[in-house]
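Hi there,

Here is the structure I promised to hand over. Have a look at it first, and then read on for what turned up.

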Amino acid sequence: MVRGEIRKLFTQSEVYCLRVSSSIAIPWNELRERAQHATSTSYAPYSHVTVGACAVTTDGRIIEGANVENASYGLTLCAECSLVSDLIRQGGGRIAAVSIVAGDGEPIAPCGRCRQVLFEHGGNDLEIDAGDGVTPTRLGDLLPNAFGPEDVGLRRS
Ligand SMILES: [Zn+2]
């Protein structure tokens, strides 16, 4: 498969190469408040750990998610998975910044799987709420040398 075909296959990968603009003001307080509110929509009958996520896209849209547990445990969806579903449901785009909080309102770090899920839709420069509203964490620092959509195309025989 030639590179052009790969780009058509992974239309998001063209956007994937773009740096997230750091010129947009991230509304951290709003993201955290909405993420905490999203915890009220979580489905967590097993762990009773409710998690909500709220993000702003590079074009200014707000997306939200909440965790959805499953009796099999392994099929549980984190709030970030639900958030990305909301992104796709809204027509796609790139995530600029995200706040992920537990039911107590305190920011929590994305799990390993969700770092990969977020990378696909935000890249290295996606900013993650670190709790102080001043010094967000870059996803690239949490998931260095990440495997991304371009790697799929480069390694396909
Ligand atoms: Zn997760």
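What pattern does the protein follow when read along the sequence? The pattern is α-α-α-β-β-α-β-α-β-β-α-α, and the secondary structure comes to 7 helices and 5 strands. Please keep in mind that this is a predicted model. Of the 157 residues in the protein, 32% are buried. Taking the contacts between residues at least 6 apart in sequence, 60% join residues at least 24 apart.

**The sheet**

The 5 strands form an open sheet with mixed pairing, in the order β2-β1-β3-β4-β5. Its edge strands are β2 and β5 (137–138), each of which pairs on one side only. Helix α4 packs on the sheet and touches β1, β2 and β3. The direction of α4 makes about 140 degrees with that of β2.

Strand β3 (residues 95–102) and strand β4 (residues 127–128) run parallel, with 2 bridges joining them. Here Ala-97 has Glu-127 as its bridge partner in β4, and Val-98 stands opposite Ile-128.

How many of the 8 residues of β3 are buried? The count is 7, so β3 is largely enclosed by the rest of the structure.

**The core**

As a reminder, in soluble globular proteins, nonpolar side chains tend to be buried together. In this model, the largest nonpolar core has 28 residues. Those with the most contacts inside this core are Ala-53, Ala-55, Ala-79, Leu-83, Val-98 and Leu-126. At least two core residues come from each of α3, β1, β2, α4, β3 and α5. β3 gives the most, with 6 residues.

Is Ala-55 buried or exposed? With 31 other C-beta atoms within 10 Å, Ala-55 is buried, because 20 or more is the cut-off for that label. Leaving out residues up to four places away in sequence, Ala-55 touches Leu-31, Ile-63, Leu-83, Ile-95, Ala-97 and Val-98.

In α3, the buried residues are Trp-28, Leu-31, Arg-32, Arg-34, Ala-35, Gln-36 and Ala-38. The buried residues of α3 pack against β1, β2, α4 and β3.

In α5, the buried residues are Cys-114, Leu-118, Phe-119, His-121 and Gly-122. Their packing partners are α4, β3 and α6 (139–142).

**Two backbone angles to look at**

Most residues other than glycine have a negative phi, and most peptide bonds are trans. Against that background, which places in the chain hold His-48 and Tyr-73? His-48 lies in the loop between α3 (28–38) and β1 (51–57), while Tyr-73 lies in the loop between β2 (62–66) and α4 (79–89). Phi of His-48 is positive, near 60 degrees. Phi of Tyr-73 is also positive and near 60 degrees.

Are these residues buried or exposed? His-48 has 9 other C-beta atoms within 10 Å, so it counts as exposed, the limit being 12 or fewer. Tyr-73 has 9 other C-beta atoms within 10 Å too, and therefore it is exposed as well.

Best wishes

Terms used
Residues are numbered from 1 along each chain as its sequence is written. This is a predicted model: local features need pLDDT of at least 70, side-chain atom pairs count only at pLDDT 80 or more; totals for chains, interfaces and linings use all residues. Helices (H or I, at least four residues) and strands (E, at least two) are DSSP runs, numbered from the N terminus. Two residues are in contact if their C-beta atoms, placed from the backbone, lie within 7 Å. Two strands pair if DSSP finds at least two bridges between them. Axes are lines fitted to C-alpha atoms, for helices over the stretch in contact, and angles run from 0 to 180 degrees between N-to-C directions. A nonpolar core is a set of buried Ala, Val, Leu, Ile, Met, Phe, Trp, Tyr and Cys residues joined through C-beta atoms within 7 Å.
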